[in-house]
Amino acid sequence: MELSSLLHDLHLLSSEKPLPPCPLPSITELLARLTEKLIGASSDSDTSSLIGRVERLFQTADPDWLFSLTSVNEEGEEEELQSAYRSLTSALIGCADLPLCEDDSSPAPAAYQSIPSRAVQVCSVLRALLGAVGNWEGTGLLLRVAPPVCVFAVTHFQDQVWTNPPSRAAAQSLQEALLRAGGWRDSAHLLVGDGRQREGGGDGGILRGVLDVLQPQLTKDSWQRCVAVKLVFSWTLLQLARPSLSPHLPRLLPPPLLFNDHYRPENCMLGVRCLHHIILNTPAADLRQFNRADVIYQALLKHLFTTETTVIQLALSCLLDLLLVLEKPPSSLDPSSSRRKPCLHDDVLRLVLVHMEAENNVELRRVYASVLPLLVDRMGVAVCRHLLRVERVVLGYLEVRDPPEETSRLKVLEVLQRITRAAWPRMQRPRLHVLLRRLLQLLVDVSSDSRLDVSVRETLMSEATLCIHLLHACSPGDAQTVLLQVDSSCCSPEVLGCLVRADDDAVGDVS
């Protein structure tokens, strides 16, 4: 009786005699009419009322009727039933759709005022649907409706301008209901399943379905119009790891390249993060196939010509991992092999050094200085090709304070230690004299700088002492000439102690 009354309220049964039992309509017919009503609702109040009644329908109706197959052609009717539920799910989700942007600017926050409350309603009715589907035998219907439900939940559980705490909680609860309905352990398991082929050719995951939902909005001309699509895609991508990501690489790689090429820094950063995740979770052979790695390399390299500190930092970190995909580091080559030819590591190091020489932005100087030790370490003895430029960078960065942590100076001292070990035969005068004088000046300046934290001062002096120590070992006679010129009356006991340690503990093997 309750279901019949509900159907009368929905105007889906004849209203002549509403109370006596009436034969129920076909479920596929009912779902199609509900979908039409949701799409054609003329006001927000009509939509809210209709959503509430649909929720009661899923809560009270007999599952045998909700998922009934009555015809002889069960396979055809099952496809029709799944399509009807998929259409109804899409219509429900459409009731809380985000407004589209007319250009590349996001809508004003006022445009999202009604979205959170509507999202809470839609989450509630979808949880009722998943509860009914989860109690029904078979997974075909669940796998059909799960992709749009997952996209909707991910859209609304993120902390964005179109959500509020109640809507985020409702979306999180919907995602948990989806996992329970399908017996999935977590979001990664939801997307890729258990990796085993099942009947029908699937693996129990919904990744292909999610990408099918997102694909129409991820084209070059449309991805900027929906502000949520890039966030849902990035969330989906970041759930994937080896070996699940590689089979889907043709569909997963183009969107990050689109984000990466955008002029807005936040989109560039999102694109670089996605590309970095792909690099870390895809076999090198798959990345090199079809020159994918070369395309990514060119897309990342252009960020080094910008002035956005965060973008450059992310791009450099990504480039360092990508270079290992494209080639072996020069330091790993056999010393007995033929003459080392310039490579991509040389190109990146040269570009970083050129930018470091001219850079006066403190934050960017720190970013470049932080990546330089690893680049120099990978170059090995091949760093000799860049020794003049490295020397100019070291001298320039040691001269300029970088409070409070002195990151730039510490990283440059680390670089000097590495090139001294790798290219010690080239550390002769006049280069050795110039470097030693700058290190001595650094010791004097740091020892008298009361603004520095004690621990930072000690670290700086210790690293500078080690550099003097290594240079002394490269050419003891030349180094001794410079050290003997130090006027002890002008130096603090702390500096003299450092010089004594550097002279007494000369290193014999720096190669």
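Modeller: What follows is a set of questions and answers about this predicted model.

Colleague: Let us begin with the rings. Why is the aromatic pair of Y112 and W162 called tilted?

Modeller: The ring centres of Y112 and W162 are 5.9 Å apart, and rings pair if their centres lie within 6.5 Å. The planes make an angle of 55 degrees; stacked needs under 30 degrees and edge-to-face over 60, so the pair counts as tilted. The structure holds six aromatic pairs.

Colleague: What does the pair of Y112 and W162 tie together?

Modeller: Y112 lies in the loop between α5 (74–94) and α6 (115–134), and W162 in the loop between α7 (140–157) and α8 (165–182), so the pair links parts that are 50 residues apart in sequence.

Colleague: How do you know whether Y112 is buried or exposed?

Modeller: Buried means under 20% relative accessible area. Y112 has 2%, so Y112 is buried. W162, at 3%, also counts as buried.

Colleague: What makes you say that R365 lies over the face of Y397?

Modeller: R365 is 3.9 Å from the ring centre of Y397.

Colleague: Which residues touch the most other members of the largest nonpolar core?

Modeller: They are Y85 and L126, in a core of 162 residues. Leaving aside residues up to four places away in sequence, Y85 touches I27, L31, F58, L66, F67, L129, L141 and V145.

Colleague: Which residues of α2 are buried?

Modeller: In α2, the buried residues are I27, T28, L30, L31, L34, T35 and L38. They cover an arc of only 155 degrees around the axis, so they sit on the same side of α2. The face turned away from that buried side carries the exposed residues E36 and G40.

Colleague: Now the backbone. What makes N291 worth a look?

Modeller: Most residues other than glycine have a negative phi, and most peptide bonds are trans. N291 is not a glycine, yet its phi is positive, about 60 degrees. N291 lies in the loop between α15 (284–288) and α16 (292–301). Its relative accessibility is 48%, between the limits of 20% and 50%, so N291 counts as partly exposed.

Colleague: And what is the phi of E406?

Modeller: E406 has a positive phi too, near 55 degrees. E406 is in the loop between α20 and α21, and at 0% relative accessibility E406 counts as buried.

Colleague: Which peptide bond that ends at P404 is cis?

Modeller: The bond from P403 to P404 is cis, with omega near 0 degrees, and P404 lies in the loop between α20 (387–399) and α21 (407–422). Another cis peptide bond joins R242 and P243, with omega about -5 degrees. P243 is in the loop between α11 (229–238) and α12 (249–252).

Colleague: Finally, why is V232 called buried?

Modeller: V232 has 2% relative accessibility, under the 20% limit, so V232 counts as buried. V232 lies in helix α11, and its contacts include V151, V154 and L214.

Methods:
Residues numbered from 1 in each chain as written. Predicted model: local features only at pLDDT ≥ 70, side-chain atom pairs only at ≥ 80, totals over all residues. Heavy atoms only, no water. Helix = DSSP H or I, 4+ residues; strand = E, 2+ residues; numbered from the N terminus. Buried < 20%, exposed > 50% of the residue type's maximum accessible area, 1.4 Å probe, protein only. Lys NZ or Arg CZ within 6 Å of the ring centre and 35° of its normal. Core = buried A, V, L, I, M, F, W, Y, C linked by side-chain atoms within 4.5 Å. Contact = heavy atoms within 4.5 Å. Arc of directions from axis to C-beta.
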